[in-house]
Amino acid sequence: IVVVGLNAAYQKRFVLEPTGPNPTLIPGSVHRASEISEGVGGKGQDVAISLSCLGMTSNNVKLAQFIGEGGEGESLLSIIGERLGGSDGVASDLLTVRTRSRMRTCTTIVSADGSTELVEPSGKVTPEELSDMMAKIDHLGKQSGALCFMGSMPPGCGPNTYSDLAARIVSGDSNTLTLIDSVVGLSPLLKTLSSIKQAQKSCRGGNILKINVSELCKLANTLPKNEADCATSSQIREALDGFLELYEGASEALDYIALTDGKYPAHL
């Protein structure tokens with residue numbers, strides 16, 4: 001399984017003292033933490049670690065990622081290596097490209113009345129670093145049983161990045177299952193997957209797009225739903241029709257579209 005999680009983050013969790021003078025987040029005030037924890041941020045990184053927790057070994061899960069420089073980058077790579085099944089970090093290094101940009105840190109402030117996210121901007125990936133990633137993928141070869149595109153891309157990755165990666169990993173005679181949990185670079189990716197699928201003599205794999213209903217409405221240029229309300233069947237049908245009409249190759253490329261709707265039931 002190749003998990004593409006190009007926009008990694010070093011995650012910090014800052015828990016406010018529940019019995020302190022400011023147990024809730026108040027702008028302009030001084031807040032003291034009762035607990036600080038550090039971990040991994042990024043959709044792709046979470047998926048790779050989840051697969052490891054489900055019993056997949058580091059030999060079966062390859063994580064494609066850009067990791068920035070500095071102590072945060074070193075710590076993040078160490079944590080990922082340990083959670084993927086080995087302290088040597090070999091599994092996480094295979095498809096990892098170290099960049100010259102500083103590793104971003106995302107901080108979650110946990111207070112008595114909720115949590116607040118502070119997300120730093122991602123460092124820019126250079127053309128040379130992007131070429132290094134493509135070379136690592138080429139060296140891996142077209143042998144993956146599953147491919148996951150997770151989340152956003154850092155600056156420097158063009159709109160065709162996911163498409164180029166798919167072309168290098170999925171072959172016309174493969175049975176690769178592809179999961180897309182992203183709305184970036186979607187149009188060229190769907191066109192590439194459609195072309196690959198049309199060239200396949202047989203297909204036991206499949207392509208799945210997983211997004212939420214609000215994202216689907218934006219892609220389809222239909223009226224956005226109220227986040228607090230459950231999406232109606234007519235809203236979903238209208239958004240699906242609009243999406244399939246606007247995105248060339250989507251109907252040919254995709255076998256399933258999985259839609260989440262916050263606290264309400266999901267749709268397939």
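**Helix packing and sheets in the predicted model**

The axes of helices H4 and H5 come within 9 Å and cross at roughly 20°. That puts H4 roughly parallel to H5, a label that covers angles under 35 degrees, with over 145 counting as roughly antiparallel, 65 to 115 as roughly perpendicular and the rest as oblique. Axes here are lines fitted to C-alpha atoms, for helices over the stretch in contact, and angles run from 0 to 180 degrees between N-to-C directions. Helices (H or I, at least four residues) and strands (E, at least two) are DSSP runs, numbered from the N terminus.

A word on the source: this is a predicted model, in which local features need pLDDT of at least 70 and side-chain atom pairs count only at pLDDT 80 or more, while totals for chains, interfaces and linings use all residues. Residues are numbered from 1 along each chain as its sequence is written, and side-chain values use heavy atoms, with hydrogens and water left out.

Back to the helices. On the H4 side, Leu130, Met133, Met134, Ile137 and Asp138 meet Thr161, Asp164, Leu165, Arg168 and Ile169 of H5; contact means heavy atoms within 4.5 Å. By class, the residues of this H4 and H5 contact come out as 6 nonpolar, 1 polar and 3 charged. Here Ala, Val, Leu, Ile, Met, Phe, Trp, Tyr, Cys and Pro count as nonpolar, Asp, Glu, Lys and Arg as charged, and the others, Gly among them, as polar.

H5 (residues 161-169) also packs with helix H6 (residues 186-199), at an angle of about 20° and with their axes 7 Å apart. So H5 is roughly parallel to H6 as well, and H5 passes H6 in a right-handed crossing. Tyr162, Ser163, Ala166 and Ala167 are what H5 brings to this contact, and H6 answers with Pro188, Leu189, Thr192, Leu193 and Ile196. The tally for the contact of H5 with H6 is 7 nonpolar, 2 polar and no charged residues.

Since Phe149 lies in strand S8 (residues 146-150) and Tyr162 in helix H5, the pair ties together parts that are 13 residues apart in sequence.

S8 belongs to an open sheet of 8 strands, ordered S5-S4-S1-S8-S9-S10-S11-S12, with mixed pairing. Strand S5 (96-102) and strand S12 (264-267) stand at the edges with a single partner strand each, so one side of each is left without a neighbour in the sheet. The twist averages 15° from one strand to the next. Inside the sheet, S8 and strand S9 (residues 177-181) pair in the parallel sense over 5 bridges; two strands pair if DSSP finds at least two bridges between them. Phe149 has Ile180 as its bridge partner in S9. Helix H4 (residues 127-140) packs on this sheet, touching strand S1 (2-7), strand S4 (62-69) and S5, and its direction makes about 170° with that of S5.

Helix H7 (residues 213-220) lies across strand S10 (206-212) and strand S11 (256-261), running at about 100° to S10. H7 and helix H8 (residues 233-246) pack at about 45°, with their axes 8 Å apart, which makes H7 oblique to H8. Their crossing is left-handed. Leu216, Cys217, Leu219 and Ala220 of H7 make the contact with Ile236, Ala239, Leu240, Gly242, Phe243 and Leu246 of H8, giving 9 nonpolar, 1 polar and no charged residues.

Then there is an open sheet of 4 strands in the order S3-S2-S6-S7, again with mixed pairing. Strand S3 (33-41) and strand S7 (114-119) are at its edges, each with a single partner strand, so one side of each has no neighbour in the sheet. Neighbouring strands of this sheet are turned by 20° against each other on average, direction ignored. Strand S2 (residues 9-16) and S3 pair in the antiparallel sense over 8 bridges, and the bridge partner of Leu16 in S3 is Ala33. Helix H2 (residues 71-83) lies across S2, S3 and strand S6 (105-111), running at about 70° to S3.

Note on methods: Left-handed = near helix turned anticlockwise from the far one by under 90°.
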